[in-house]
Amino acid sequence: MARVLHLFNHFGALTERAFLDYTLGLSKKGFDLTIGYETLCEGASGVPLRQVKLSRVSVEPTADIPAQMIHLAQNVEDPARRSLLEERFDLIHGHFGPRILQGAAWLQRGVPMIVSVYGYDVGRLLRDRCWIERYRWAADNGAVFVTLARFMEEKLLALGLPRKNVRRIHLGIDLAEHVYDPKPAPASPRFVFIGRFVDKKGADVLIDAMAHLTHDLQTPAKLDLIGGGPNELSLREQVARLQISSAVNFVGMVPFAQIFDYLGDCSAVVQPSVTAPDGDAEGAPMVLMTAQASGVPCITTRHSGNPETIPPVGQRFVVPERDSIALAEAMKAMIEISPMDRRTLQADGRGWIVDRYNLEKTVSQYAALYREMISGGQ
């Protein structure tokens with residue numbers, strides 16, 4: 001049985017549920033998995049996989065990145081990582097780009113490595129020349145970078161990483177947890193946002209769009225903002241300033257199982273993602289997959305992998321980043337869509353997720369890549 005070491009920063013976090021789901025799926029495909037983590041999150045203790053705590057690896061900018069990476073590989077101070085190096089692993093799988101710091105020691109020893117990148121690690125991180133050079137070093141030493149969207153794949157290739165070292169595997173959702181239950185449009189229009197209140201999620205743009213929809217387009221609607229985060233106070237102030245407090249409901253954090261209660265009778269989920277000022281970006285938001293799999297239409301932006309999650313019939317509801325007027329017009333169009341067109345949008349959305357973003361497909365594609373790299377076919 002092939003042994004695979006997975007490297008995480010935060011292991012078990014709710015926001016990384018998709019990564020955990022396909023990791024567990026791979027364990028059922030006949031791979032012996034060990035988890036190396038830096039921070040253990042709530043719920044991770046119940047995961048039936050061996051878990052080893054690792055010390056964080058920190059680096060500073062330098063003019064000679066290859067020398068830095070070789071030094072990291074040859075001077076392993078963490079006793080837990082040294083102990084793992086004495087074991088035989090057939091493959092290393094790092095989650096997020098910075099895991100190449102933990103994985104450098106194995107790459108130097110000729111052990112193949114997969115680096116799955118998910119968002120900020122092809123956005124904000126790669127504004128730093130040092131990280132670009134670290135990625136190139138890892139690829140030169142045999143690491144294969146797996147992206148979850150075409151946009152991310154093209155960005156890595158533009159850095160000069162060889163084509164053979166860049167792959168694309170969509171993240172997927174467990175369709176058994178997402179019953180397809182399409183509903184007609186509600187009599188009173190209502191939109192739902194689900195996500196952290198951070199810059200890249202674009203909730204401020206959505207609030208501006210709600211103001212335009214309400215005041216300028218004279219189209220009454222409600223908005224449920226589900227989530228929390230550092231921008232919440234400024235978002236609340238924005239709602240008050242725009243005089244739409246009666247239309248916007250700050251729901252707070254909601255357990256995953258209860259999210260479907262909010263989705264059931266809404267007009268659409270709105271995911272207005274933007275590139276943050278520091279370069280942070282999405283990968284392919286799971287909320288777009290979750291909503292469409294359940295029969296809920298989506299409105300989103302031309303950002304990272306977001307458009308790829310939307311079927312052709314839904315592309316008219318994909319608008320430019322930071323364009324609150326275009327977003328408001330898309331919301332108005334969703335309210336006014338005919339019942340027949342809404343049913344088509346719902347059916348095509350479900351089919352698109354089943355075909356391209358289902359968990360079983362994600363697991364099977366990763367399993368095939370595992371076998372390829374372990375056999376030396378990379």
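Reader: Why is Ser-304 called buried?

Author: Ser-304 has a relative accessible area of 11%, and buried means under 20% (exposed is over 50%, partly exposed in between, with a 1.4 Å probe and protein chains only), so Ser-304 counts as buried. This is a predicted model, in which local features need pLDDT of at least 70 and side-chain atom pairs count only at pLDDT 80 or more, while totals for chains, interfaces and linings use all residues. Residues are numbered from 1 along each chain as its sequence is written, and side-chain values use heavy atoms, with hydrogens and water left out.

Reader: What makes the phi of Ser-304 worth a remark?

Author: Ser-304 is not a glycine, yet its phi is positive, about 45°. Most residues other than glycine have a negative phi.

Reader: How do you know that Thr-301 is buried?

Author: The relative accessible area of Thr-301 is 2%, which is set against the limit of under 20%, so Thr-301 is buried. A polar atom of its side chain lies 2.6 Å from the backbone oxygen of Ser-273.

Reader: Why is H2 called roughly perpendicular to H4?

Author: Helix H2 (residues 65-74) and helix H4 (residues 100-108) pack at about 75°, with axes 8 Å apart. Angles of 65 to 115 degrees count as roughly perpendicular (under 35 is roughly parallel, over 145 roughly antiparallel, the rest oblique), so H2 is roughly perpendicular to H4.

Reader: Why does Phe-96 count as buried?

Author: Phe-96 has 14% relative accessibility, and the cut-off is under 20%, so Phe-96 counts as buried. Phe-96 also has a positive phi of about 85° although it is not a glycine.

Notes:
A polar contact is a pair of N or O atoms within 3.5 Å; within protein, one must be able to donate a hydrogen and the other to accept it, and residues adjacent in sequence count only if both atoms are side-chain atoms. Axes are lines fitted to C-alpha atoms, for helices over the stretch in contact, and angles run from 0 to 180 degrees between N-to-C directions. Helices (H or I, at least four residues) and strands (E, at least two) are DSSP runs, numbered from the N terminus.
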